[in-house]
Amino acid sequence: MVTVTDKAKSKIEHLMQDAGLDASYFLRVSVQGGGCSGLSYNLDFDNEEKKGDQFFEDRGIRMALDMKSFLYLAGTELDFSDGLNGKGFNFHNPNATRTCGCGESFSV
């Protein structure tokens, strides 16, 4: 399961509202090859279920992960920072053995 902090929840809801997305949309969280450390995180809004999707809901945010991404992201917390040290979504992934300096990629 992937969880979200209150800050991440607020930002996700704000982005969905700005984009005019209705309740049929959910957050698709995935892992793709690439980045400094080998794997990178990807977030997107989607309203089409794909074969093998795993669905989770935390703090009212509905998320879909494909099976491969679920294996890499189980137990991950999604946060949002808007401070001086960086702005954007952050993944706190207990499965990552190494992350790059910017926090956008990892390896296991």
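Asp53 and Arg28 form a salt bridge, with the closest N and O atoms 2.8 Å apart. This is a predicted model. The bridge links distant parts of the chain. Asp53 sits in the loop between β3 and β4 (54–58), Arg28 sits in strand β2, and 25 residues separate them. Asp53 counts as buried, at 11% relative accessibility. Arg28 is buried too, because its relative accessible area of 11% falls under the 20% cut-off.

Arg28 has another partner, Asp46. Here the closest N and O atoms of the salt bridge are 2.9 Å apart. Again distant parts of the chain are linked: Asp46 belongs to strand β3 and Arg28 to strand β2, 18 residues apart. Is Asp46 buried or exposed? Asp46 counts as buried, with a relative accessibility of 14%.

## Asp82 and Lys7

Asp82 forms a salt bridge with Lys7. The closest N and O atoms of this pair are 4.0 Å apart. Asp82 lies in strand β6 and Lys7 in helix α1, so the bridge ties together parts 75 residues apart in sequence. Asp82 is exposed, at 51% relative accessible area. The cut-off matters here, because exposed means over 50%.

## The salt-bridge count and a network

How many salt bridges does the structure hold? The structure holds six. Asp6, Asp58 and Arg59 are linked with one another in a network of such bridges. As a general point, side chains of opposite charge can pair when their charged atoms come close.

## The nonpolar core

The largest nonpolar core has 18 residues. Which of them touch the most other members? They are Val4, Ile12, Val29, Met63, Leu65, Leu73 and Leu78. Five elements each supply at least two residues of this core: helix α1 (6–19) and strands β2 (26–33), β3 (39–46), β5 (61–65) and β6 (77–83). Nonpolar side chains tend to be buried together in soluble globular proteins.

Val4 deserves a separate look. Leaving out residues up to four places away in sequence, Val4 touches Lys9, Ile12, Asp58, Arg59, Ile61, Met63 and Leu78.

Technical notes: Residues numbered from 1 in each chain as written. Predicted model: local features only at pLDDT ≥ 70, side-chain atom pairs only at ≥ 80, totals over all residues. Heavy atoms only, no water. Core = buried A, V, L, I, M, F, W, Y, C linked by side-chain atoms within 4.5 Å. Buried < 20%, exposed > 50% of the residue type's maximum accessible area, 1.4 Å probe, protein only. Helix = DSSP H or I, 4+ residues; strand = E, 2+ residues; numbered from the N terminus. Contact = heavy atoms within 4.5 Å. Salt bridge = Lys/Arg side-chain N within 4 Å of Asp/Glu carboxyl O.
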